[in-house]
Amino acid sequence: MLKNKICQLLNIKYPILQGGMAWVATAELAAAVSNAGGLGIIGAGHMPPDALKAEIAKAKNLTNKPFGVNIMLMSPFVKEVMQVVIDERVAVVTTGAGNPGEYIPALKEVGTKIIPVVASVALAKRLERVGIDAIIAEGMESGGHVGEVTTMALVPLVADAVSVPVIAAGGIGDARGVVAALALGAQGVQMGTVFAASAECTAHPNYKAAIIKAKERATVVTGAITGHPVRVIANKLTRDFAELEKCGASTEELERLGAGKLKAAVRDGDVDYGSVMIGQVAGMITTIRPVNEIMQDIVQHIPEVMTELSQKI
């Protein structure tokens, strides 16, 4: 992997990124992933700037390896948190829900790599033109906010459409998924749910237990009519969403129902009326393990998967 483009670009050992999940991806998890050879990412979500600055400081105390921050461009604090990232000279910024173009010159000036998350070829091509360093092509199998195209279809389409390195995300949970992503044209992978089910993740035990319990059909996509679909575990909250949608509720009513529900699940452990954002890959996860064990299990099995593949061919 020494010649892998993502490893060289981000100065990491393995081309494996941890998803920047709001409330889930704290400094503790990001540092653990970076220490294990991947790229850990703090999920800024709707954090105010002071809170993000504290998380970055904590991560710097926990690792001397590169780590990143995921910034949701729809955050009410986006300008302020971008300035924090610039001031702190964070190695990598991943972005979602928008175009980071206006921030790219200042980020590049301090050496920060910019990697947006996309769910379509058109957006990938548009963002390449503004000077990003790589692209995360995220299929609808992933947890949280999703697009409409599967990873299997999206990754090769994006890889063919852009010249920057592509990172595959959505539905990747082990060495087989990594090899498949590379075969589709990606140079690396991003995993979220897998690392959410780790010992170092600070999410409530109920949230982690929900991941372990979930099977491949445990999740549903809610909020499609709002234009911001979200993949979550089916529970009493999703039932209420479905009822409101059937009754023709407005976008504002649906947004009110969802407000604060991710924090309720991740921090308070309310997996009945909270928003348990996880991907379909949860069906592959059966135990809570340390991050380093998860990482080594993936990396060490890649040669085995490659050998089995060559034998099948």
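**Close-up views of a predicted model**

**View 1. Strand 7 meets strand 11.** In this predicted model, strand 7 (residues 144-145) and strand 11 pair in the antiparallel sense, with two bridges between them. Look for Gly144: its bridge partner in strand 11 is Arg231.

**View 2. Strand 10 beside strand 11.** Strand 10 (residues 219-222) also runs antiparallel to strand 11, and four bridges join the two. Here you can find Val220 standing opposite Val232 of strand 11.

**View 3. The two sides of strand 11.** Which residues of strand 11 (residues 230-233) point one way, and which the other? Val230 and Val232 point one way, while Arg231 and Ile233 point the other way. All of these residues are buried. In a regular strand the side chains alternate between the two faces of the sheet.

**View 4. Helix 14 from end to end.** The 22 residues of helix 14 (residues 291-312) should span 32 Å at 1.5 Å a residue, and its end C-alpha atoms are 31 Å apart, which agrees.

**View 5. The buried residues of helix 14.** Buried residues in helix 14 include Val291, Ile294, Met295, Ile298, Val299, Ile302 and Val305. An α-helix has 3.6 residues a turn, so residues three or four places apart point the same way. What covers the buried residues of helix 14? Among the covering elements are strand 1 (16-18), helix 2 (27-35) and helix 8 (175-183). Strand 9 (188-191) and helix 9 (193-196) are also included.

**View 6. Two buried cysteines.** Cys7 is buried, with a relative accessible area of 6%. Cys201 is buried too, at 3% relative accessibility. The model has zero disulfides.

Note on methods: Residues are numbered from 1 along each chain as its sequence is written. This is a predicted model: local features need pLDDT of at least 70, side-chain atom pairs count only at pLDDT 80 or more; totals for chains, interfaces and linings use all residues. Side-chain values use heavy atoms; hydrogens and water are left out. A disulfide is a pair of cysteine sulfur atoms within 2.5 Å. Buried means under 20% relative accessible area, exposed over 50%, partly exposed in between (1.4 Å probe, protein chains only). The expected span of a helix is 1.5 Å times one less than its number of residues. Contact means heavy atoms within 4.5 Å. Two strands pair if DSSP finds at least two bridges between them.
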